[in-house]
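Visitor: I would like to go through this model residue by residue where that helps. Please show it first.

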Amino acid sequence: MKGRAFFSILAAIAISLVAAGAAGALWIASNSPLSLLQGIAGAQPEAAVLVPKQAPVMVSLLANPDRVEALRQAIAPLGRRRSARHEWQQARDAWLNRSSLNYDRDVRPWLGEELTLAVTTLDIDRDPSNGRHPGYLLAAATRDPDQAREFLQLFWQKQALNGSNLIFEQYKGVKIVRGEALDVIPRGWANLAARGGKPSTQTDLATALVADRFVLLANDPKVLREAINNVQAPDLSLVREPDYERAIAALPERHLAIAYLSPSGLGQLLEPATPNRRRASKLLPSDWLAALPLRGGAIALMADRTGLQAETAWIATDDHPLAAADPALSEPVAATRYLPTNATIAASGRDLNQLATQLQQAFADGPLAPTIAPVLAQFQTQSGLNVQQDLLGWVADEFALGLVPVKVGDRAEERALGEFPGDWIFVARRTPDTAAALDRIDSLAKTQGLTIGSLDLDSNQSATVWTQLIAPSNAGLMGWRNSDRVSTQVQGARATVGDYEILATSVPALAAAVQAGRDPESSLTGDRLWQATTAALPSPNDGNLYFDWPESRPVVERLIPLFRLIEVPLRPLFERLDRLSLTTEGGPENLRRLSIAARWTSW
């Protein structure tokens with residue numbers, strides 16, 4: 001064999017092997033559960049065509065549940081994989097097992113790449129006199145219509161054996177089966193829907209197979225008839241809703257799941273059925289939702305090795321139009337470096353005055369205003385401060401706000417403990433209005449009986465301290481004669497460091513802030529988890545809101561009653577949530593984008 005021919009054959013073999021290896025690697029990469037970390041390009045919920053325009057909420061998983069579970073197993077720590085698999089199987093089989101069905105045998109063979117759950121209507125019969133009966137629709141994509149039919153047939157056979165009366169109906173060419181079956185709605189949500197009544201373990205259930213594409217389950221055949229109407233007249237469906245189209249278009253192209261909701265519709269769904277359940281002293285979740293100046297919103301969910309990321313897009317109401325806005329920051333503001341590494345809550349951005357003005361305009365006419373106004377009025381009366389002029393008006397540049405925990409053994413007289421379990425630190429870049437604003441705060445402090453003094457934190461840094469004299473506990477003339485001293489209590493402290501003004505509710509907190517500015521390892525910006533969580537957010541953005549979740553959770557529960565509504569059905573996720581970070585990214589006219597990054601101790 002000639003040398004040239006030999007090398008030609010060798011080259012051909014090498015190229016073939018490389019090509020085969022590349023094809024194999026590509027197949028492995030595309031079929032590996034880790035490919036879900038990149039999301040699914042261009043995936044949209046096809047079942048949205050079944051959902052009516054007025055639906056309060058729709059949630060769609062755009063990947064087969066088995067693939068999601070495989071991803072979770074692939075990235076979970078070795079010691080957590082068995083328990084993670086058990087948790088997943090429990091959630092998956094909650095109602096199947098009670099129906100004598102098996103997921104591996106009866107569902108897996110036909111289940112496709114989409115699961116969509118929607119609340120289609122607030123009241124199925126639209127008759128308020130007999131109470132509210134929301135409509136629920138579950139649409140499961142099928143990859144094998146014949147096996148899907150067998151599943152439905154087997155399911156109803158088992159219900160009939162359990163004594164359920166079955167009713168069969170043909171509607172526009174689609175077979176609908178109705179009967180009494182075990183509840184397919186998660187128990188926590190069923191409790192919410194019952195609004196105080198005891199939810200039955202049985203419910204009317206209707207099923208259908210539409211266009212050999214989706215297995216539908218609903219709590220009333222009216223819901224299925226409406227879904228079939230939507231397929232045949234798409235203008236009635238959610239896919240033709242302008243707000244839905246615009247919000248979905250604003251989301252990133254790659255994602256694992258999508259949700260769409262109407263805050264006003266969801267608020268009506270959660271409204272108490274009887275007025276005597278309303279407590280005037282506390283706003284209900286429905287009040288918070290009704291107060292949002294939003295008409296609709298979409299959420300895209302992505303996964304990474306440590307948690308989840310969510311990109312959201314929200315449409316403003318006609319009463320609160322928004323001008324187009326570009327994100328202001330390409331990196332975290334420098335003021336953040338003065339927050340200590342143990343900060344449990346941290347907020348940072350630019351122009352707090354403008355942000356406060358925008359929030360005031362957005363909520364001025366909503367149900368939150370009557371609750372917030374008395375609190376602000378009481379604060380201004382007691383302190384003599386005007387919130388807008390004295391506390392916000394001079395913060396027109398960078399700012400950072402953090403809550404740091406109180407250490408065991410800290411002296412009570414060094415801090416003014418309030419209702420929060422820690423001290424607040426506020427950092428703002430100085431502006432031409434800063435000096436006058438601080439002088440006014442000092443003057444008002446004196447009128448409140450506080451003493452203004454100077455304190456050296458160390459040889460290089462002095463601070464201004466507001467203190468209050470505290471009388472001895474044994475009051476009266478004899479008590480004064482027997483007392484050896486008058487104690488003082490710090491009400492606040494501030495210091496000027498470079499171009500920044502730092503205010504804190506205690507001297508230790510102020511000292512920690514100054515130290516953080518000097519030593520990157522003592523600063524929140526040097527914390528590995530803060531860096532990782534913040535880096536997961538898109539850039540540029542408008543700032544950052546960060547939570548050390550285990551430490552900040554009690555504060556969040558106190559400040560945001562709406563959180564409890566979210567926490568109930570998602571408790572397993574929140575129990576392992578470690579860090580949470582949020583940011584906004586501006587947006588076109590009447591639309592704003594919000595991004596969330598979450599890290600878990602383990603999936």
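Visitor: Leaving aside neighbours within four places in sequence, which residues is Ser348 in contact with?
Guide: This is a predicted model, and in it Ser348 belongs to strand E13. Its relative accessibility is 12%, under the 20% limit, so Ser348 counts as buried. Setting aside neighbours within four places in sequence, its contacts are Val333, Thr336, Phe399, Ala400, Gly543 and Asn544.

Visitor: Which residue of E15 does Gly402 stand opposite?
Guide: Strand E14 (residues 398–404) has six of its seven residues buried. E13 and E14 run antiparallel and are joined by six bridges, with Ala346 opposite Gly402. E14 also pairs with strand E15 (residues 423–429), again in the antiparallel sense and over six bridges. In E15, the residue opposite Gly402 is Ile425.

Visitor: Are the ring planes of Tyr338 and Tyr500 stacked, edge-to-face or tilted?
Guide: The search of the whole structure gives seven aromatic pairs. For Tyr338 and Tyr500, the ring centres are 5.4 Å apart and the planes stand at 50°. Stacked needs under 30 degrees and edge-to-face over 60, so this pair is tilted.

Visitor: How many residues apart are Tyr338 and Tyr500?
Guide: Tyr338 is buried at 4% relative accessibility, and Tyr500 is buried with a relative accessible area of 4%. Tyr338 sits in the loop between strand E12 (307–316) and strand E13 (345–350), while Tyr500 is in strand E19 (residues 500–504).

Visitor: Which residues of H17 are buried, and which strands do they pack against?
Guide: In helix H17 (residues 528–535), the buried residues include Leu529, Trp530, Thr533 and Thr534. These four cover an arc of only 125° around the axis, so they lie on the same side of H17. An α-helix has 3.6 residues a turn, so residues three or four places apart point the same way. The buried residues pack against strand E20 (543–548), strand E21 (577–584) and strand E22 (591–600).

Visitor: Which exposed residues does the other face of H17 carry?
Guide: At the start of H17, a side-chain oxygen of Asp527 comes within 3.2 Å of the backbone nitrogen of Leu529, and Leu529 is among the buried residues. The face turned away from the buried side carries the exposed residues Arg528 and Ala535.

Visitor: What is omega for the peptide bond that joins Ser539 and Pro540?
Guide: Most residues other than glycine have a negative phi, and most peptide bonds are trans. Pro540 lies in the loop between H17 and E20. The bond between Ser539 and Pro540 is cis, with omega about 5°.

Visitor: What is the positive phi of Asn590?
Guide: Asn590 is found in the loop between E21 and E22. Its relative accessible area is 22%, which means Asn590 is partly exposed. Although Asn590 is not a glycine, its phi is positive, at about 60°.

Visitor: What is the positive phi of Asp212?
Guide: Asp212 is in the loop between strand E7 (202–210) and strand E8 (214–218). With a relative accessible area of 37%, Asp212 is partly exposed. Asp212 is not a glycine either, and its positive phi is about 55°.

Note on methods: Residues numbered from 1 in each chain as written. Predicted model: local features only at pLDDT ≥ 70, side-chain atom pairs only at ≥ 80, totals over all residues. Heavy atoms only, no water. Phe/Tyr/Trp six-rings, centres within 6.5 Å; stacked < 30°, edge-to-face > 60°. Helix = DSSP H or I, 4+ residues; strand = E, 2+ residues; numbered from the N terminus. Buried < 20%, exposed > 50% of the residue type's maximum accessible area, 1.4 Å probe, protein only. Arc of directions from axis to C-beta. Contact = heavy atoms within 4.5 Å. Polar contact = N/O pair within 3.5 Å; in protein donor to acceptor, adjacent residues only side chain to side chain. Pairing = 2+ DSSP bridges.
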